[in-house]
Amino acid sequence: MNGTMVTLVGNVVSEVKYSTTIGGVPVANFRLAATDRRFDRQRQCWVDGDTSLFVVWSWRWLAENVLGSVGRGDPLLVTGRLRIREWESGEGRPKGLVPEIEAAAIGHDLCRGTSAFRRAVRGRPELVAALATRTAPAQRDSLPAPTGPAATGPASATAPADMPADMPAAVPVGAGAGVAAGVAGD
């Protein structure tokens with residue numbers, strides 16, 4: 001990533017605004033306040049310095065994760081590319097400058113609290129559909145038994161005559177299925 005890379009530590013001071021572009025790309029932004037701290041030797045204590053406000057932009061998966069993870073008041077670390085954007089408020093009014101960060105990574109500041117990480121499942125549609133149609137063994141057992149013509153499908157058929165006697169007729173789907181089928185896990 002070209003540009004001026006910066007890392008900021010601060011607090012979120014606005015709600016996360018989320019939208020998608022015309023092309024369907026997710027984008028989220030929020031305002032971050034970063035305040036300098038310095039030790040005052042005369043008073044023998046830490047004091048706040050000036051506060052700087054930044055608009056933090058995130059795109060794609062980062063934007064979706066920001067929407068689900070970041071709230072007003074959260075202490076964050078943000079790293080990304082700094083840019084200064086000029087804006088105009090209308091006719092005859094002065095222009096202004098706003099510092100923005102195009103985030104490469106965002107995380108909670110663990111010096112000020114704890115956080116629980118949950119890995120997001122990214123969709124390869126064929127894998128998501130396969131997971132959605134599966135049911136865990138405990139869920140399958142609690143479902144009512146099928147009745148009617150659909151109940152006489154391949155699941156209720158007897159094992160073929162050439163199948164070895166010690167081979168299971170079906171491999172359960174769920175935890176341990178790869179081990180039961182003799183497939184190495186990842």
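The side chains of Glu102 and Arg81 make a polar contact of 2.6 Å, a term for a pair of N or O atoms within 3.5 Å in which, within protein, one must be able to donate a hydrogen and the other to accept it, residues adjacent in sequence counting only if both atoms are side-chain atoms. This is a predicted model, in which local features need pLDDT of at least 70 and side-chain atom pairs count only at pLDDT 80 or more, while totals for chains, interfaces and linings use all residues. Residues are numbered from 1 along each chain as its sequence is written, and side-chain values use heavy atoms, with hydrogens and water left out.

A polar contact of 3.3 Å also links the side chain of Glu102 to that of Arg83. Glu102 lies in strand E6 (strands, E, of at least two residues and helices, H or I, of at least four are DSSP runs numbered from the N terminus). Glu102 is buried, at 19% relative accessible area; buried means under 20%, exposed over 50% and partly exposed in between, with a 1.4 Å probe and protein chains only.

The largest nonpolar core has 18 residues. Such a core is a set of buried Ala, Val, Leu, Ile, Met, Phe, Trp, Tyr and Cys residues joined through side-chain atoms within 4.5 Å. The members touching the most others include Phe30, Leu32 and Leu76. E3 gives the largest share, 4 residues. Leaving aside neighbours within four places in sequence, Leu76 is in contact (heavy atoms within 4.5 Å) with residues including Leu8, Phe30, Leu32 and Ile106.
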